[in-house]
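This briefing is meant for a reader meeting the structure for the first time. Please look over the sequence and the model before reading on.

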Amino acid sequence: MSLQEEIDKTRQEIRTDGYSMSIGEWISLYQNNEIDIHPDFQRFFRWSDHQKSTFIESILLGIPIPPIFVSQRDDGVWDVVDGVQRLSTIYEFVGILKREDNEEPKSIVTLQKTTYLPSLEGKKWDDPNYKDNSFTQAQRLLIKRAKIAVNIVEKESDEMVKYELFQRLNTGGAIATDQEVRNCVLLMLNKKLYELMRSLANYKSFISCIALSDKLYEEQYDMELVLRFILLFDKNEESLKNLRGDVSVFLTDGIREMALNKELDYSHIEEAFKKTFDILDSALGEESFKRYKPEQDRFLGGFLLSAYEVIALGIGYHYLNPPQINQISSQVKNIWSNQTYQESSGAGKNAARRLRHLLPHFLRNEAQNYRTIK
C-alpha cells in the first residue's frame with residue numbers, strides 16, 4: 001500500500017466534529033450524566049490549588065482555553081479524551097464534582113491570589129455563610145457564558161483512535177510521566193487489568209523489595225516496574241532478542257496489546273508475580289535490587305533497574321521451579337561480578353540493548369544454576 005493509500009484509508013477511519021460550547025453547557029452535560037470525565041483519572045493529574053486558581057482567572061479574563069477532546073460512545077455519552085483536569089477544575093469549583101463513589105464533594109474550593117487578579121484570594125463560587133467571599137451573580141454568569149471548544153471523535157471512528165489521541169495529547173503535557181499516560185489508557189481499555197496491576201503494585205513483598213523513593217511513587221514508577229515484569233517474565237529467549245527501538249514505546253505498545261487480549265491469563269500473571277517477590281522478600285528484602293560491593297560484602301545505594309530486570313525476571317521466568325531461598329543471596333551477589341552484566345548495564349547503556357542481551361543470557365544461565373542447586 002502506498003503512502004497516499006494509507007493516508008486516504010486512515011482518514012476514512014477517523015470521523016470528527018467540533019464547535020464551541022459555553023461552560024454552562026459543559027456543566028449541564030455533567031449534571032445530566034451525558035459526559036464521563038473518568039474519576040479514576042484524577043489520581044494521575046496533579047494540578048495544584050494555584051494552577052486551578054490560574055485556570056479560573058484565565059476564564060474570567062477571556063484568555064482562550066484549549067479545546068476539550070471527547071469520544072462519542074454508542075450510547076451518545078462523551079468520554080473525555082483530553083481536558084479532564086480543565087473540566088474537573090470547573091466542576092469542583094462550582095461544587096458539583098463527584099468523587100469515585102459518585103457522592104458530592106464535601107468541601108468548597110477556595111481560590112488563591114493570582115498574577116492579574118490578586119483579589120481572587122479566598123473567593124468561592126457560592127459560600128452561603130460568607131457572601132463577601134462568594135462570586136457575584138455577574139461573575140458566575142461571566143464564567144457560565146465563557147466558551148470552550150469541543151473536538152469530537154465520532155462513534156463511527158476506529159475504536160483505537162481515542163486511545164491514540166489520548167496518548168498523543170497527554171504525553172509530555174499535564175500528566176508527568178509516560179506511565180501515567182499508560183495507566184489512563186489502560187483504564188479506558190481494560191479496567192480489570194489495571195486493577196490487577198494496581199493490586200500487584202500494592203503487594204507487600206513487592207513494596208519491600210523495590211524500596212522506592214516517594215518521588216518515584218508519585219510518578220507511578222512502581223506501576224512501570226509491575227508492567228515490565230508482566231510483559232517480560234514469560235517471554236522466551238528468541239522474542240527478547242528481537243526487542244528493538246525505544247523501550248518506552250515497547251512498554252506502551254505491549255500493555256495496549258495485553259489489554260486487548262481476550263484470552264489473557266490473569267491468574268498466571270498474579271501467581272508468577274507474587275511467588276517471585278515472596279521469594280525475593282524472604283531472601284533479600286530491600287537489598288534485592290541494590291548494588292553489591294564484594295569488598296565490603298554489603299548491598300549499597302538505591303534501586304537499580306538493570307538489577308531488577310535480571311533478578312526479578314530471572315526468578316519470574318522459572319517461578320514454577322524456583323531456586324531455593326537460602327541460595328538466592330549468593331546467586332544475586334555473583335551477578336555483580338558477571339562480565340555480561342557489567343558490559344550491558346550501567347550509565348549510558350541502551351535500554352533495549354540491555355534487555356536484548358542481559359535477559360536471554362541470564363534466563364538461560366540461571367536455569368542451569370537452579371537445576372544445579374536443586
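The side chains of S248 and R182 are joined by a polar contact of 2.9 Å; a polar contact is a pair of N or O atoms within 3.5 Å, where within protein one must be able to donate a hydrogen and the other to accept it, and residues adjacent in sequence count only if both atoms are side-chain atoms. The model is predicted, so local features need pLDDT of at least 70 and side-chain atom pairs count only at pLDDT 80 or more, while totals for chains, interfaces and linings use all residues. Residues are numbered from 1 along each chain as its sequence is written, and side-chain values use heavy atoms, with hydrogens and water left out.

**Overall make-up**

- The protein has 18 helices and seven strands; these are DSSP runs numbered from the N terminus, with helices (H or I) of at least four residues and strands (E) of at least two.
- Of its 374 residues, 47% count as buried (buried is under 20% relative accessible area, exposed over 50%, partly exposed in between, with a 1.4 Å probe and protein chains only).
- Among contacts between residues at least 6 apart in sequence, 70% join residues at least 24 apart; contact means heavy atoms within 4.5 Å.

**Around S248 and R182**

- S248 is placed in helix α13 (residues 247–259), and R182 in helix α7.
- The side chain of S248 also makes a polar contact of 2.8 Å with the side chain of D178.
- Beyond its neighbours within four places in sequence, S248 is in contact with D178 and R182.
- R182 counts as buried because its relative accessibility is 4%.
- A polar contact of 2.8 Å links the side chains of R182 and Q179.
- Not counting residues up to four places away in sequence, R182 touches E224, L227, S248, L251, T252 and I255.

**Helices α7 and α8**

- The axes of α7 (residues 178–189) and α8 (residues 191–201) come within 6 Å and cross at roughly 135°; axes are lines fitted to C-alpha atoms, for helices over the stretch in contact, and angles run from 0 to 180 degrees between N-to-C directions.
- The contact is made by N183, L186, L187 and L189 of α7 together with K191, L193, Y194 and M197 of α8.

**Nonpolar cores**

- The largest nonpolar core has 66 residues, of which L193, F229, F277, F289 and Y308 touch the most other members; such a core is a set of buried Ala, Val, Leu, Ile, Met, Phe, Trp, Tyr and Cys residues joined through side-chain atoms within 4.5 Å.
- Helix α11 (residues 221–232) gives the most to this core, with nine residues.
- Leaving out residues up to four places away in sequence, L193 touches L186, I255, M258, A259, L264 and Y266.
- A second, separate core of 35 residues includes V70, W78, V94 and L111.

**Around F93**

- F93 is found in helix α4 (residues 84–94) and counts as buried at 4% relative accessibility.
- Residues up to four places away in sequence aside, F93 touches I56, V109, L111, K123, K124, W125, F135 and I143.
- F93 and K124 are 31 residues apart in sequence, and their C-alpha atoms are 7.4 Å apart in space.

**Positive phi in loops**

- N33, in the loop between α2 (23–31) and β2 (35–36), has a positive phi of about 60° although it is not a glycine.
- N33 is exposed, with a relative accessible area of 55%.
- A211, in the loop between α9 (204–210) and α10 (214–218), has a positive phi near 45° and is also a residue other than glycine.
- A211 counts as partly exposed at 34% relative accessibility.
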